[in-house]
Structure formats: C-alpha cells, structure tokens
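Please read these notes with the model open beside you. Take the points in order and find each residue as it comes up.

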Amino acid sequence: VSSGFEESVDGVVANTAGFEYTSGIDDVGLKTDFDYTPISKHQIKLGANWVYHTFVPGINNYKSSTTAQTYDTSFGGKKTYAHEGYLYAEDDWELTTKLKLNAGLHSSAFLVQQKSYGSIQPRLSTRYLLNDKSSLKLSFSKMTQYIHLLSNAGLGLPTDLWLPVTKNIKPQQCWQTAIGYAQTIKADYEVSIEGYYKQMNHLIEYKNGANFFDNAVDWEQQVVIGKGTSYGTEFLVQKKYGRLTGWVGYTLSWSWRTFADKNRGVKYPYKYDRRHDIGIVASYKISKKIDISGTWVFASGNAISLPNQRYFSLQTTNPYSLANQYNQHYSAENVIQSYETINNYRVPVYHRMDAGINFHKPKKWGELVYNISVYNLYNRLNAFFVYSYTNPNTQVSGLKKLTLFPIIPSFSINFKF
C-alpha cells in the first residue's frame, strides 16, 4: 500500500512526501520425498523438509524531502527470522479386499527468537467398500501451524497478514474428523456426501480498536488469543466419462471464533464463514478437435462488522455555556460508533461465470491447442471491499462497494509434446 504528494512554489518543487506499507514472507528451503513399496499391499511414503523464513509483519516507510533536508523513516513490526522443519511417514495399507487404511505420523519443529516449538501430529483415514458401487470413509487428523492469519473484519480495504509464531505467540493447533459416503451410479456418475468437524486453538485476532496501520507498538501487543470451530457438509455429483463431463458441488458450513476479550466472550462468525458455497463445472466435446467448458461459482458474502448506532459528542469551549448548547459543532473525530456484535453483517453474495473453447490441431511432434476464454462472462461486479460514504450535499450516509475484475476476454496457445 503506498501514497504520496508533491508541493511546489512558483513551479519549483518544494516538498515531496510518500507513505508505503509493506508486509510479506520470504522463504528458502529444501525438501525430499521417498516412496517405498515392500509388498503390493503396502505403499510407504517418507519425507523431510526444512525452510528458513523471513517475516515482514508490517513496516511503515515515510519519506519526505524539502529543499533543505531529506527524511527517510521506517517504523513498525520488526523482521522476524525462523527455522522450520518436519519429518513424516505414512503407510497406505490394504488390510482386506474391502478395507483400506492410511496411517501416518507428522513431526515438526519451529525455532524463532531463541525459542523452540515441537509437535507430533497423527493422521488416520479408512475406506470400507460396502459393495461394488458404494463405500464409507472415516478420517481423523491433528495439525499444528506455525504461521497465523490475521484479518481485519471492519469496513475498508481487506487485509490478510501472515504472521509468525514468536516467543510470546504460540502455534495454532487443530484436530479434525470427517465421515463420508460415496455411491457410483451407472458407471458414469459418482455421488458423495461428507460431514466434518474441526476444533482450533491458539488463534489470533485484533484487539478491539486495534489497527493494522498503527505500528507505534508491535503487532504482538495488538492481538488477542482465542479458539474456533468449523463444521459442515459437502455434497458432490460427478460425471467422469462421455462427451459431457463435469461436477456439481455444494457446501453448507459454519465457522465460529470465540475470544474472552471480544464480543463479551460470545462466539461470532469468522470473516470467511460462508454458509453456502456452490460450484458447477462442465466440459463438452463437440468433436475430436473442439471442446467447450464453463464454470459457475456462488458463495455467501464474507462477514463484516458494522455499527448499529452512531453518537456525536459535543465540541464546546465551555460546556456550561447556553450559547454553546445551540451552536453544536460535530466532526468525524467525535463520532462514537456502537456495535451490537462482531461480524453482524454480510457483504453481497459472490457469483461469477467463466467460459472457454479449445481448438485442437494435431502435429507430427505433438499438438497445438488454441484457447479463447472469457472471465466473468456476465460482468458480475462482485465486491472486493465495502466502505462507508456520506453524501456532502444531503449528509446521508451509506455503504459503497469497490470491485476489481469486470468481464475479461483472453486468448492463448498451448504446445503439447
């Protein structure tokens, strides 16, 4: 995020100033994986990984120059350096012709600010064939993540910052269980339904009134620690064979957060709590050389916090003066906003359609594929973020949305060898 201005006197630049906000992660790492099959009923996987992280939590850079002097100031969260490594092993084991088991163990470590964290994470999943066309699945896993996602849920530019575990901020942990059922219909179609539940601990969010641009104090002092739960059901129908292929998916889900120091300790929906999520994908082969495809997605809007009421404080030189009681001066700085609960509103729903056509041209050395695509076919203006607006003439306040991507056509050529 950056901005700036320039001042001039009699056509001569007298002062230039700029503001820039920077946040990011740089990684350097090594990774190796091994596959080992001692017998046909056992497929064993082993692996290791090491990563050196450089975190930039949030740096404000202010630069100003005048004819007499130049200022270049940086303030905010300091860079954080960390080492992360893990080892894993898993066995895909066919116990019987009907029962298959996948068991694994993931061991990880994180070293930051002379403090180390470690975690042992078991994973287990099973699949049981009820008959030739149906199966039942069950899974359980425990996971640890050493990077936190910090989001703001109010009005204005949405910001998602990835921040590291520190000597004061513990890694987030979760366990998840799921159960599912799949059914094949007439060899071409497969229907599946799955339910899941996830419990999360050591999550972080901004304190009440904290601001990600306010780097007068370190970001660790602007967050609170809490927990979360997510659960829902996923439904999927697939057509895998034939000239027409594709799938239709629908997810009904809930995602909650609970913090003792926020929302009076009562749970509230997470920013990315999406009650409904629909995806439809289809591809049709007109001939051996031409095929068309289309995708349509729909999702409930993200949760945001909006004030239910606003109060204006009275600015007076002498609060006991009768004249000042009639000459009331209000300003934006003296607006007091009242929130009934956190994330009490939703931005408009998101939906979009993409379409494309491929022309295949066989060659002796391979195949040429010409593609013509259209992103956002019906030009849906989805909200990227929402902000408050007051009409200067009528003084009526309301909300406006900012969108990013309208309808966008594209053309590409692919070479297949």
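The points below cover the basis of the model, its salt bridges, a group of strands, a surface patch and one threonine.

1. **Basis.** This is a predicted model, so local features need pLDDT of at least 70, side-chain atom pairs count only at pLDDT 80 or more, and totals for chains, interfaces and linings use all residues. Residues are numbered from 1 along each chain as its sequence is written, and side-chain values use heavy atoms, with hydrogens and water left out.

2. **Salt bridges.** How many salt bridges does the structure hold? There are six. A salt bridge here is a side-chain nitrogen of Lys or Arg within 4 Å of a carboxyl oxygen of Asp or Glu. Side chains of opposite charge can pair when their charged atoms come close.

3. **Lys100 and Asp92.** Lys100 is partly exposed, with a relative accessible area of 30%. Asp92 is partly exposed too, at 23%. The cut-offs are these: buried is under 20% relative accessible area, exposed is over 50%, and partly exposed is in between (1.4 Å probe, protein chains only).

4. **Asp273.** Is Asp273 buried or exposed? Asp273 is buried, at 0% relative accessibility. Its side chain meets that of Arg275 in a salt bridge of 3.0 Å, N to O. Asp273 also forms a salt bridge with Arg346, at 2.4 Å, N to O. Asp273 lies in the loop between β15 (268–269) and β16 (276–285), and Arg346 in strand β21 (residues 345–346), so the pair ties together parts that are 73 residues apart in sequence. Shared partners join Asp273, Arg275 and Arg346 into one salt-bridge network. Arg346 is partly exposed, at 35% relative accessibility. Strands (E, at least two residues) are DSSP runs, numbered from the N terminus.

5. **Strands around β16.** β16 pairs with strand β14 (residues 244–258) in the antiparallel sense, over nine bridges. Here Thr251 stands opposite Asp277 in β16. β16 also pairs with strand β17 (residues 290–299), antiparallel and over nine bridges. Ala282 stands opposite Gly294 in β17. A hairpin of four residues joins β16 to β17. Two strands count as paired if DSSP finds at least two bridges between them.

6. **Nonpolar patch.** Which residues make the nonpolar surface patch of about 700 Å²? They are Tyr128, Leu130, Leu136, Leu138, Ile179, Tyr181, Ile193 and Phe235. β7 (115–131), β8 (134–145) and β11 (172–185) are the elements that give two or more residues to the patch. Patch residues have over 30% relative accessible area and no salt bridge, and their nonpolar side chains (Val, Leu, Ile, Met, Phe, Trp, Tyr) are joined within 5 Å; like charges are joined within 9 Å. Areas come from the Shrake-Rupley method with a 1.4 Å probe. Leu138 is in strand β8. Leu138 is partly exposed, at 46% relative accessibility.

7. **Thr144.** Strand β8 also holds Thr144. Thr144 is buried, with a relative accessible area of 13%. Its side chain makes a polar contact with the side chain of Ser119, at 2.7 Å. A polar contact is a pair of N or O atoms within 3.5 Å; within protein, one must be able to donate a hydrogen and the other to accept it, and residues adjacent in sequence count only if both atoms are side-chain atoms. Leaving out residues up to four places away in sequence, Thr144 touches Ser119, Gln121, Pro171, Gln172 and Gln173. Contact means heavy atoms within 4.5 Å.
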